[in-house]
Amino acid sequence: MSQGVLEKIEAWPVDSLPPKGDYKNWRRDYDADRKILTLFLDKDDSETNVLSSDVLFELEKIIGKVEADLPVALVIRSAKEKGFCAGADIREFKEYSDADIAVSLKKAHDVIDRLDRLDTLTIAVIHGHCLGGGLELALACDKRIGVEKNLQMGFPEILLGLHPGMGGTFRLTELISPVTALEMMLTGRPAHERQTAERGLVDVLTEERHVDAAIRAMISGDVKPRDPGVVQSIMNLRPARSLAAIKMRRMSEKKAPSRHYPAPYALIDLWEDHGGNRDAMQRAEIKSFSKLLTTDTAQNLIRVFFLQQKLKDLSKSTSDIRNIHVIGAGAMGGDIAGWCAMQGFHVTISDQKPDPIGQALTNLRRLCQSKHKSSIETRDAMDRFVPDLDNHAVRQADLVIEAIPENLEIKKKLYKVIEPLMKKTAILASNTSSIPLEDLSKGLKRPQQFSGLHFFNPVSQMMVVEVVRHENTSEEVQNKILSLATEIGKLPVPVTSHPGFLVNRALAPYLVEAIIMLDEGLPKEVIDDAAIAFGMPMGPVELADQVGLDICLDVADMLSDADGIAIAPVPAWFRDKVKSGELGRKTGRGFYHWKSGKIQKSGSSSARSDNKIIDRLILPMLNACVECYRKGVVADTDQLDAAMIFATGFAPFRGGPLHYARTRGIDDVVTSLRRLVDKHGERFTPDNGWKDV
């Protein structure tokens, strides 16, 4: 496995861990003088620590024994290489009945509170990820030591339609600036490395080899408590909270509209009403969390979490791929190469000109900075990224990724040159977004070694990669590419070759219908507002500009030429727009104006809901999804829903397009499509597969 796949913690003392003894999930160890008791969290049968009910039950038993025989200090840390603790066991969220939620939460609070009240110094030693319930456990300790290298601490519960539920709302707002604490909880973004110290999340940030010294310094009193300052005290006063809450609601509304996402506003209310009063805030936190957990939004977002995990689990082994050669250093190829280099792979890249490779190197440096990589990690990633204008590295590559323009003949001409140079075990993969692999594979000597590996733009932000197989792709190659996708931190979606594959096939009618509405005279803002009101992250007109109008046209033409696919022909003025070079974001002008990559809009969106527009946009997308499922392009509806959520941003709180269709009612969807046929044409004809969904 690539070094970048599992970030190892230097000098991590796995070999010196004490035995588990009487507990399944904890290891206990005293120092030589039996003054310092260290508890290692080691969740049974799991690579990652989570705060499940059995973990908390055992912790309660341990605390009971500690209370009876207090050490000078109690240290809590993790026995897992990946990190301290990833949070609560989300699987248990689905097992609770409505009546059990508050009771179970109260029990969890009681355990954390007992840790908080222990009459001895408690220290959390944190490495890797410390998220959600893991951070709540750490906050209940008196002191926190952060271990450098890939440290991140935060509360991602908002991404599940929730807020912290085991004391995080009041402990974090007491410890650090309440505004910073609320920002962390409202965005779900973790603090990294230096940020953890700067914000006051840890008292000491050090290397693993200095942890023991830091613990003893804390015991001796050499580490002084952090002064929260006057500002923090003022911000917990009711007038200041109310003013800050107004701004927070306004900012949250832009990213997570209250009509779809209740959790941010419940959290803001919680702090505004009870901030500074620990007991009141704790009671309100339990009540609020319990209520949120039963909402459709939370249940659907929890579903999305498990869909994501299902895609990760498609990888059954390691890929054994070490060396990757990318041909084409344009926007996609350069970013694919840079991403793989950052993830620890040795990458070579070629292009007809050196300038795109230079730009790709610049982009890689920026990417490392945006991902909070250290200067050493950035340097190592840059060293792994090697220009190769003459394609010499094709001979050593385990995987060759072709990322040149979408032209069948040009791609086939390239394959004819490079395939004879490749190792017999090497895989050739195309980043084509729509060309059928059957056409691309014609003429190859080893078609079984050929696959599609379709990334989405921008590579650094889009999680999904379509792993495309054709009728001759070997099972071994398919499995290796699935594994590679997870090793580079992406979500693989296995699909069979089909016009547009899955995502573009489903997205095209959504975008084309928006263009038809523009042709009918409907303002672009009205169209985009309706989609945003439905829950899409942006409207289809803006999305077309983001994707590139030339790419939209290519996909629309490809689908219109395919047998059995009904899609509206694009208007002549749209073709003229593409010919004139108005391609959207990348040229600064499309349907909207763009400046330095930022869209220029006048005024703020009202996100007006118009059900007629929404149905014209969304139902053709659902119809195409059903077609793909019926034709076996994707194995199951869960994978389909996950792909559309993570590749297109399909309203996550709705649980995916087909989950939304079931929730709305299949009969209603089909009836609505037939009404659209009567009014707008045959392109809305319900697919034959609806009866099987």
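The talk below takes a few features in turn.

Mentor: This is a predicted model, so know its limits: local features need pLDDT of at least 70, side-chain atom pairs count only at pLDDT 80 or more, and totals for chains, interfaces and linings use all residues. Residues are numbered from 1 along each chain as its sequence is written, and side-chain values use heavy atoms, with hydrogens and water left out.

Trainee: Now a helix. How many of the 11 residues of helix 20 are buried?

Mentor: Buried means under 20% relative accessible area, exposed means over 50%, and partly exposed is in between (1.4 Å probe, protein chains only). In helix 20 (residues 524-534), eight residues are buried, so the helix is largely enclosed by the rest of the structure. Among them are I527, A531 and F534.

Trainee: What do the buried residues of helix 20 pack against?

Mentor: Contact means heavy atoms within 4.5 Å. The partners are helix 19 (503-519), helix 21 (540-547), helix 24 (611-630) and helix 26 (657-664). After helix 20 comes G535, with a positive phi near 125°.

Trainee: Is F591 buried or exposed?

Mentor: F591 is buried, at 13% relative accessible area. Find F591 in the loop between helix 23 (572-579) and strand 19 (593-595). Set aside its neighbours within four places in sequence, and F591 still touches residues including I515, L518, V541 and W573.

Trainee: Which residues other than glycine have a positive phi?

Mentor: R34 is one of them, with phi about 55°. R34 sits in the loop between strand 1 (26-30) and strand 2 (36-41), and at 55% relative accessibility R34 is exposed. K149 is another, with phi near 95°. K149 lies in the loop between strand 7 (143-147) and strand 8 (152-154), and at 26% K149 is partly exposed.

Trainee: Where is the cis peptide bond with omega about 0°?

Mentor: That bond joins N457 and P458. P458 is in the loop between strand 16 (450-454) and strand 17 (464-469).

Trainee: Last, a helix pair. At roughly what angle do the axes of helix 10 and helix 11 cross?

Mentor: Axes are lines fitted to C-alpha atoms, for helices over the stretch in contact, and angles run from 0 to 180 degrees between N-to-C directions. Angles under 35 degrees count as roughly parallel, over 145 as roughly antiparallel, 65 to 115 as roughly perpendicular and the rest as oblique. The axes of helix 10 (residues 263-274) and helix 11 (residues 278-293) come within 10 Å and cross at roughly 165°. The two helices are therefore roughly antiparallel.

Trainee: Which residues meet there?

Mentor: Helix 10 brings A263, A266, L270, W271 and H274. Helix 11 brings A280, M281, A284, E285, S288 and L292.

Terms used. Helix = DSSP H or I, 4+ residues; strand = E, 2+ residues; numbered from the N terminus.
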